[in-house]
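User: I would like to learn how to read helix packing from a set of coordinates. Please take me through it one feature at a time.

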Amino acid sequence: MIRTCLLWCLLCFSAAAFALDPMPFKDRDEELRFQDITRELRCLVCQNQNIADSNADLARDLRLEVFEMMREGKSDDEIKTFMTERYGDFVLYRPPMKPSTWLLWFGPFLVLLAGGFLLIRHIRGRQRARAEATSTAATPSTGPDDPNEMIP
């Protein structure tokens, strides 16, 4: 019974331990702007999470950095530029279109085209092999029907 109570208390208080730090926003617009910016920035240590959803220490530090930059009056673009200069384009969920990110933007289409090309090539090869097998089966044999006739 005591173990059950302890487990229940642990589960109840663990959610509070993982809650994000509250930030003193001026108004609702500032909070929405903060949420928009932090949703567009990738957590650098988590798998596929933005810094708004991540519980990692680095994500918490980046949230604070974004909040302080907002308080300094920097625009969204200035904040994203700062993060990009510091951590590279990887920090953005929507990286800009530039030569260094072309593979990221067009790579999936190239893989799709290559897969389509290989699929068509495979289907044509099977059709060609089936046509050859059908033509050899339909062609009458020119040799003797009984293989023993060839033996002198």
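Analyst: Begin with which side chains touch. In this predicted model, E30, R33, F34, I37 and T38 of helix α2 meet R63, V66, F67, M70 and R71 of helix α3. Sorted by class, this contact of α2 with α3 has five nonpolar, one polar and four charged residues.

User: At what angle do α2 and α3 pack, and how far apart are their axes?

Analyst: Helix α2 covers residues 28-40 and helix α3 covers residues 57-71; they pack at about 135°, with the axes 11 Å apart. Angles over 145 degrees would count as roughly antiparallel, so α2 and α3 are classed as oblique to each other. As for handedness, α2 passes α3 in a right-handed crossing.

User: Is α2 roughly parallel or roughly antiparallel to α4?

Analyst: Read the angle, then apply the cut-off. Helix α4 spans residues 76-87, and it packs with α2 at an angle of about 30°, the axes being 11 Å apart. Angles under 35 degrees count as roughly parallel, and α2 and α4 are therefore roughly parallel to each other. The crossing of α2 past α4 is right-handed.

User: Which residues make the contact between α2 and α4?

Analyst: On the α2 side they are R33, I37 and E40, and on the α4 side D76, I79 and K80. By class, the contact of α2 with α4 has two nonpolar, no polar and four charged residues.

User: How do the axes of α3 and α4 cross?

Analyst: The axes of α3 and α4 come within 10 Å and cross at roughly 140°. That angle makes α3 oblique to α4. Their crossing is right-handed. From α3, the contact takes in L58, L62, E65, V66, M69 and M70; from α4, it takes in E78, I79, F82, M83, R86 and Y87. Nine nonpolar, no polar and three charged residues make up this contact of α3 with α4.

User: How should I set a database annotation beside the coordinates?

Analyst: Take the residue range from the record, then look at the secondary structure over that range. UniProt, in an unreviewed entry, places a "transmembrane region" at residues 102-120. In the model, residues 102-120 are 100% helix and 0% strand, with the end C-alpha atoms 26 Å apart.

User: What is the mean pLDDT of the protein, and where does the pLDDT fall below 50?

Analyst: Look at the average, then at individual stretches. The mean pLDDT is 84, and 79% of the residues reach 70 or more. Over residues 15-19 the pLDDT is below 50, and beyond near neighbours in sequence this stretch has one contact in the model.

Notes: Residues numbered from 1 in each chain as written. Predicted model: local features only at pLDDT ≥ 70, side-chain atom pairs only at ≥ 80, totals over all residues. Heavy atoms only, no water. UniProt positions renumbered as here; feature names shortened; annotations may be inferred. Helix = DSSP H or I, 4+ residues; strand = E, 2+ residues; numbered from the N terminus. pLDDT = per-residue confidence, 0-100. Contact = heavy atoms within 4.5 Å. Axes fitted to C-alpha atoms, helices over the stretch in contact; angles between N-to-C directions. Parallel < 35°, antiparallel > 145°, perpendicular 65-115°, else oblique. Left-handed = near helix turned anticlockwise from the far one by under 90°. Nonpolar A, V, L, I, M, F, W, Y, C, P; charged D, E, K, R; others polar.
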